[in-house]
Amino acid sequence: MKRSASLLFLLLLVFSVLVTFSQIAPVKAESTIYIRSDGSVEGTDKILREGDIYTFTDDILDSDGIVVERYNVVVDGSGFTLQGPRVAEEGEPERGRGIDLHFQYDITIKNLQIRDFDCGIFIGNSFGNIVQGNEITNNGVGIKISICSTNKILGNNITNNNKYGIWIAFASGNEVSSNHIANNKQRGIWVDYSSNEIISSNIVTNSRYGVIIEQSSYVTLRNNSMVDNLQSFSVEGHESDHFVNVVDSSNTVNGKPIYYWVSHRDMEIPSDAGYVALVNCTNITVQTLNISGNGQGILLASTTNSTITNTTITNTNDGVYLHSSSNNSIIENYLTNNGQGISYSSSCDNIISGNHVTNNWCSIRLGGSSNNTISTNNIKNNSCAIIFEYSSTNNSVNRNLIENNTCCISFLESSNNIFFHNTFLNNTEHVTDLGTSAYWLAPSINIWDDGKEGNYWSDYIGTDSNGDGIGDTPYIIDESNQDNFPLMKQIPQRYTPKEQPEPFPAQWVTITILIIAVIGAAFLIYFLKIKKTTRPK
């Protein structure tokens with residue numbers, strides 16, 4: 001009986017707790033908010049409408065964002081916060097946009113703090129909108145402009161976003177000015193497949209990539225400062241027009257000016273350059289520079305008869321990048337710790353000579369490029385020494401020291417290149433042909449001697465019975481390639497000049513001269529005194 005009473009009491013207690021909790025109203029998350037085309041606000045009571053001005057009166061948290069369906073309005077955040085649920089993890093569907101403008105115009109978004117959305121502000125198929133004075137932080141993308149024109153992004157703080165600060169895609173004629181763009185994980189400003197954009201007076205800092213112009217043209221950059229990004233500035237494309245942009249020297253990389261020359265000739269790049277691009281140029285000299293931390297250190301596009309020499313390039317994606325350029329010389333430079341030291345795309349009849357190319361992912365990469373000469377370079381400690389791909393043919397590789405690389409020479413459907421008088425020393429694998437491992441690729445068949453002498457291979461085990469310095473048997477590379485005249489000894493290479501020593505400081509030169517003068521005067525006085533005392537009386 002007591003047991004039944006206890007059980008009944010327990011059931012009543014559980015029931016009363018459930019009833020009590022059912023009467024407590026849950027905290028309701030804000031769902032999608034709409035500013036409707038008729039002017040009404042749907043989904044929140046924290047936005048006050050006065051005519052065409054919509055003003056926040058409180059923070060809106062855990063929201064799915066605001067969709068603006070009415071044109072010619074102002075959304076004033078008054079310093080309040082619009083916060084999303086959280087940024088989607090990798091592989092998850094998008095979790096919302098803070099402000100969503102689709103097919104709208106003449107809308108101003110200002111004084112709003114936007115955070116924790118997959119996209120803070122999205123502007124799609126819209127024009128004439130202004131985003132000004134907002135704090136846009138901790139989103140996936142801060143602001144995305146897609147298929148749009150004549151929008152303005154002005155004076156915003158766009159920070160700590162998980163992907164990009166500002167992403168402009170398939171757009172034309174928009175303006176991004178006077179923004180502070182910092183600590184975005186991937187890209188600060190990305191102009192992608194767009195044209196005639198204006199990027200001015202922005203500070204872009206502490207992102208993986210600062211400003212990237214990709215597959216775009218006629219983009220204007222002025223007075224932008226790119227500081228402490230892993231790669232501050234980059235221009236990428238696959239057509240000549242993608243490199244035709246208006247970028248003047250008011251733009252800086254870590255305080256050093258960008259020299260982006262279009263259609264110049266018979267000139268020399270100033271020695272304080274932080275980034276160099278030569279587009280449709282002829283007979284330009286680039287020398288004695290120190291460039292670091294960009295997408296490319298030096299970019300040549302549709303440029304001819306120019307010279308790059310005695311320059312140090314580090315920590316770039318491409319140290320020197322040539323696109324559709326010919327008859328240029330890259331001579332006696334130092335390229336280290338880059339993605340690719342020197343990279344060619346559709347470029348012919350160029351010379352790479354006497355360079356020190358070390359500790360890159362790839363030392364030299366040729367894509368669809370022919371009739372180039374690679375000679376007397378010191379190529380050491382790279383993951384790949386030289387890559388030939390996409391029908392790179394008739395290139396000459398001679399008298400190079402190619403040492404301690406993981407994958408030395410690699411081919412992808414590239415034949416009729418000639419190699420002779422090179423030293424292949426202690427590479428993990430001297431030659432790799434992707435055509436031998438994939439049945440749909442044609443093998444690359446190349447020439448490994450000049451008809452009399454070939455190359456030195458550190459793993460050649462043949463003999464030289466007549467002592468002429470050439471092995472008695474060929475060095476077999478694969479079933480399609482062999483060096484018929486392997487060398488028994490290394491040919492002396494013309495190595496890159498050693499780093500120049502620091503100049504003797506001028507003040508020490510002056511001090512040394514004074515010391516010598518004082519010592520000389522002392523000896524003269526002493527000599528005259530001795531002569532006087534020994535003179536006959």
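**Exercise 1.** In the protein chain, what share of the contacts with a separation of 6 or more comes from residues 24 or more positions apart?

*Solution.* Keep in mind that you're working with a predicted model. Start with the contacts in the protein chain that have a separation of 6 or more, then pick out those between residues 24 or more positions apart: they account for 34%.

**Exercise 2.** Work out the overall make-up of the chain: how many helices and strands are there, and what percentage of the residues count as buried?

*Solution.* Secondary structure comes first: the chain has two helices and 55 strands. Next, burial: the chain has 537 residues, and 48% of them count as buried.

**Exercise 3.** Take isoleucine 147: where is it found, and is it buried, partly exposed or exposed?

*Solution.* Look at the backbone to begin with. Isoleucine 147 isn't a glycine, yet its phi is positive, at about 55°. Now place it: isoleucine 147 sits in the loop that links β14 (141-146) to β15 (152-154). Then classify it: the relative accessible area of isoleucine 147 is 48%. Buried needs under 20% and exposed needs over 50%, so isoleucine 147 counts as partly exposed.

Terms used:
Residues are numbered from 1 along each chain as its sequence is written. This is a predicted model: local features need pLDDT of at least 70, side-chain atom pairs count only at pLDDT 80 or more; totals for chains, interfaces and linings use all residues. Side-chain values use heavy atoms; hydrogens and water are left out. Helices (H or I, at least four residues) and strands (E, at least two) are DSSP runs, numbered from the N terminus. Buried means under 20% relative accessible area, exposed over 50%, partly exposed in between (1.4 Å probe, protein chains only). Contact means heavy atoms within 4.5 Å.
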